[in-house]
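Open the structure in your viewer and keep the selection tool at hand. Each stop below says what to select and what is there.

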Amino acid sequence: MGTGPTTRTWFGASVCGPAHRRHHVAKQDAWWGIAGRFGSLVVVADGLGSRPHSRLGAVAVCRAAHRAVRGLADHEVPDPSRLFARIETNWCVELAHRDPAECSTTVMLSLIHRSGGVLVGQVGDGLIAFGSGHATERLVTERAGFGNETDALGLPGRRPLWRSRWLPSPPSGFRVLLATDGVADDLRPESIGQFIDHLEQEFRPLPPPERHRRLVAELRAWPTPGHFDDKTLALHWTNRGVSACH
């Protein structure tokens with residue numbers, strides 16, 4: 001899907017967690033990478049496990065974000081609040097007649113705009129980390145939600161809290177990591193930059209099919225004892241690319 005130059009500026013992978021595999025439950029994470037006149041966009045989502053159609057909600061928000069970016073960012077830098085509101089509206093449309101409360105999902109996005117600027121935005125758990133060289137910053141450093149439940153799209157009686165950052169002139173070699181909590185919860189804050197370096201050095205040079213196979217294998221062999229959650233990550237960097245839908 002999509003048009004544009006032939007060099008991708010992102011890669012990623014998503015695997016079903018051991019607990020879901022044991023109980024024959026579908027993976028509730030989703031991700032999407034695509035390019036267009038707006039630049040390039042990566043979206044990562046984690047459906048809430050307590051909701052019966054969270055997998056559908058996660059896939060739907062990836063589509064909704066692309067539709068919103070395509071509609072608002074093709075010709076100019078989008079206003080973040082307007083973009084996020086459009087994503088929420090598009091998400092409800094994507095769900096058709098399903099109750100959004102049954103499809104609740106977190107969402108993270110990275111938009112590298114044609115202007116050269118970068119917009120990152122997030123609702124709920126997970127990790128967005130960005131920077132260049134040894135300087136890496138997390139978008140969100142504290143949990144957002146109420147009680148034991150993360151913030152998300154589709155929670156009854158609540159508007160989702162979007163946290164975002166617009167970087168109009170990112171430095172050379174700028175990278176954005178997006179990861180659901182199955183990955184993020186096992187990364188120490190001081191090791192995030194090293195993890196991004198690992199991904200870039202070990203996976204970015206590989207041909208896409210081999211890269212995907214090896215990244216999936218690494219996520220399935222996650223070293224944390226007793227890990228159980230779905231795992232999704234994507235790396236996005238400041239060049240133009242073509243599209244990929246997963």
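Predicted model: local features only at pLDDT ≥ 70, side-chain atom pairs only at ≥ 80, totals over all residues.

Residues are numbered from 1 along each chain as its sequence is written, and side-chain values use heavy atoms, with hydrogens and water left out.

**Stop 1: a helix**

Select residues 80-94, which are helix α3. Helices here are DSSP runs of H or I with at least four residues, strands are runs of E with at least two, and both are numbered from the N terminus. Helix α3 has 15 residues and reaches 21 Å from its first C-alpha to its last, close to the expected 21 Å. The expected span is 1.5 Å times one less than the number of residues.

Which residues of α3 are buried? They are L83, F84, I87, E88, N90 and W91. Buried means under 20% relative accessible area, exposed over 50%, and partly exposed in between (1.4 Å probe, protein chains only). An α-helix has 3.6 residues a turn, so residues three or four places apart point the same way.

**Stop 2**

Keep α2 and α3 on screen. They pack at about 130°, with their axes 8 Å apart. Axes are lines fitted to C-alpha atoms, for helices over the stretch in contact, and angles run from 0 to 180 degrees between N-to-C directions. The two helices are therefore oblique to each other; angles under 35 degrees count as roughly parallel, over 145 as roughly antiparallel, 65 to 115 as roughly perpendicular and the rest as oblique. The contact (heavy atoms within 4.5 Å) includes G57 and A60 of α2 and L83 and W91 of α3.

**Stop 3: a loop**

Select A96, in the loop between α3 and β4. Its phi is near 60°, a positive value in a residue other than glycine. A96 is exposed, with a relative accessible area of 54%.

**Stop 4: a sheet**

Show the open sheet of five strands, in the order β1-β12-β11-β6-β7, with antiparallel pairing. Two strands pair if DSSP finds at least two bridges between them. The edge strands, β1 (10-15) and β7 (135-138), each pair on one side only. Next select β6 (127-132) and β11 (175-179), which pair over five bridges.
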